[in-house]
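Here are my notes on the model, point by point. Have it open while you read.

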Amino acid sequence: MTVPAFRDPALTPEQRADDLLSRLTLEEKAGQITQYFYVIDPEAADEQARVVEDAIRTGRAGSVLFVRDASVANRLQRIAIEESRHGIPLLLGFDVIHGLRTIFPVPIALAATWSPEVIERAQSVAAREARAVGIHWTFAPMVDIARDPRWGRMVEGAGEDPVLGAAVAAAQVRGFQGDLSAEHVIAGPKHFAGYGAARGGRDYDDAEISDSELWNVYLPPFQAAVDAGAGNVMSAYMDLNGVPASGNNWLLTDVLRDHLGFDGFVVSDADAVRSLRTQHFARDLTDAGARALSAGLDMEMCMADPAFGHLPEAVAAGRVAEAAIDTAVRRVLIAKLRMGLFENPFTDEVASTSVVTAPEHKALARATAEQSLVLLKNDAQTLPLDAARLASVAVIGQLAASKRDTLGPWVFDHDTEEVVTILDGLRQRLGDSVAVEYAPGVGIPRRLVPSFFDNQDPSVEETADDHDDEAELRRAVGVAEASDVAVVVVGQRQNQAGEFASASTLDLPGRQVEQLERIVATGTPVVLVVMTGRPVDLRFAEKNVSAILQVWYPGTRGGEAVAATILGDVTPAGKLPFTWPRHVGHVPMIYSHNRTFKPADQGRRYWDEESTPLYVFGHGLSYARFEYSNLRLDAERIRVGQSTVVTVDVSNVSTRDADEVVQLYIHQRYGTSSRPLRQLVGFQRVTVEAGNMRTVRFPLGPDELSYWSAATRGRVQDATTVDIWVGGSSAADLGTVLEVTG
């Protein structure tokens, strides 16, 4: 019996895909580019599973998402391989955002490490665990630039800056995807494009983005992800400048494929193709499927009744060419072949358990969390605490003991029993020599509208009513007053960040500020620990608390990392990946703004509140002390198209070995367009031993000095004067000047 060419591993993926494509009916082609949710609503699980399994058998589903159990993955693959006409294996996708079983710090915290190497290692572990249970593809990284912290999904990205965002995007793609070996998965950067600019920070709202901002700010992280080899890109839900992103031919074809050079397959976000009707763009499902496919979308993600299931009707009506369907199907088949799924469709159910529970993964989760923490304030060297001088420590706040909230949002296969909370971490680190008294304090109200993404741990303590809240507040104040120091943990629950979690305020929910005020009034020294995925209003704390540590949602071993940092075993070196505003009325507030009027009055002032950030972009303190000196250029004058090297000496003038994130900023004084007053163009996280000096070098050339200009409708590099600064934040004041001639 002759073996079909698509079964021959000696042929290229492209040759095999072409052979298989020639054997498929139009309905089977539509099926290969349709992805179904397997189970998302527990109440409808049995019915949804039946629908999906029938679709697999009949060739109407080529991909399934939300399978995270190895036995279920294998069962579905057997249906596809043994019961469908051509035995084409499924591509199984899942939201592996910052870990599968081992949970790493949330993505915004990974960005706060400013270390591509750290990020790549973390996501490679996430990929290893995902592949072990049968997952082939992650809907990550999210590379949307986020400049409005009201937007809940800021927690999933790398913040406000395109240079940092691009570096983080590329590192995550390398970690997830690597060389697509048996321990890696396809990376799917999302959401293309501009989703982070949703109007008013409201999830799913439309986005209006100027050409200059699109090319200079929002697209560079996608370019970096594509250049790193991402095999998939997910389109966005929303309208971009009046055209839905999932039906936007200019965006998905002209920009993504022709300009950015992407050659993988594009998937819609959940039900985004069906939503083209809701957006008053498509007439019906047939029209929606035809227009999305024609725009450049290769696969539809849906719950039921997919629009792509109507593509045969669209072909018959002359609304889409079968050749366009073939192009999409070919891309999906090539992805499956490159993954080796035709030869190895199943996963080892026994071995998967040892992979997801590997102790070295947990150790890396702790190390990653340690490198993500940002010391916002540390007056009078309040931190680190000296355990030898302590008899008692108060730990206050529900988040301090909440296993689920320690993990953060966007995790679904976690085991809360493995989680080390902040309270656990402090008790373990201090042992029996120091009394650690815990008080949950005031309640943190739940979100008004629960959703599937809440995934809240029911064991979290909550106050039932105002009377209980008041009693818990009094108890917390009493515990703090009786202790040598109070570690007060404030923030937002994990389900108050992420998708469906935009907020109209940056206030700490509930009575947390009131509780902090009353604890501060006792006179007990306070260390404030902030657990959030976005900036919150810390004006009272900044004025009245001597030490503030931003810990994000630090993951499975996060409590150990926080305790080690508070007690000085670890020196914090994380830096903010966004500007921290004083008040919600200031947003959006970014460091890289243009000057639009005379320096004394740029129109950026508020009469009722200081208009400067509470903490600048790139800010983060250390227990060590660094001095920058000897800033120089290899050439102080270059021509357009040439490069120079910026060099600086960084000295650790303390007794602690520590990391420092060295940041390079520029400003172009004049040219084709106005340019930001400060613009990050390079950074390096380096270790500098106590009493030692490190010399750090940055390239500075066309890649860093050119930009997209609305005046020329393309990239330009000007002959101009460039101001240069190097330091530990965007407020760096060690500077020099470069002359660029024509």
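This is a predicted model: local features need pLDDT of at least 70, side-chain atom pairs count only at pLDDT 80 or more; totals for chains, interfaces and linings use all residues.

**Notes on the model**

1. Let's start with a loop: Ala 193 is found between β5 and α8.

2. Residues are numbered from 1 along each chain as its sequence is written, and side-chain values use heavy atoms, with hydrogens and water left out.

3. What else sits between β5 (186-187) and α8 (211-218)? His 191 does, and the peptide bond reaching His 191 from Lys 190 is cis, with omega near -5°. Tyr 204 has its place in the loop between β5 and α8 too; its phi is positive, near 75°, though the residue is not glycine.

4. Look also at Leu 180, in the loop between α7 (162-177) and β5. Leu 180 isn't a glycine, yet its phi is positive, about 60°.

5. The C-alpha atoms fill a box of roughly 80 × 65 × 45 Å along the principal axes. For 742 residues a compact globule would have a radius of gyration near 27 Å, and the chain's 26 Å agrees with that (taken over C-alpha atoms; the rule is 2.2 Å times the number of residues to the power 0.38).

6. Now a helix pair. α16 (residues 359-372) and α22 (residues 558-566) pack at about 45°, axes 8 Å apart (axes are lines fitted to C-alpha atoms over the stretch in contact, and angles run from 0 to 180 degrees between N-to-C directions). The two are therefore oblique (under 35 degrees is roughly parallel, over 145 roughly antiparallel, 65 to 115 roughly perpendicular, the rest oblique). Touching residues, with heavy atoms within 4.5 Å, are Arg 366, Ala 369 and Glu 370 of α16 and Gly 558, Glu 560, Ala 561 and Ala 564 of α22.

7. Last, the UniProt annotation "domain: Fibronectin type III-like", from an unreviewed entry, covers residues 660-730 (positions follow the numbering used here, feature names are shortened, and annotations may be inferred rather than shown by experiment). That stretch is 6% helix and 58% strand, with its end C-alpha atoms 14 Å apart.

Technical notes. Helices (H or I, at least four residues) and strands (E, at least two) are DSSP runs, numbered from the N terminus.
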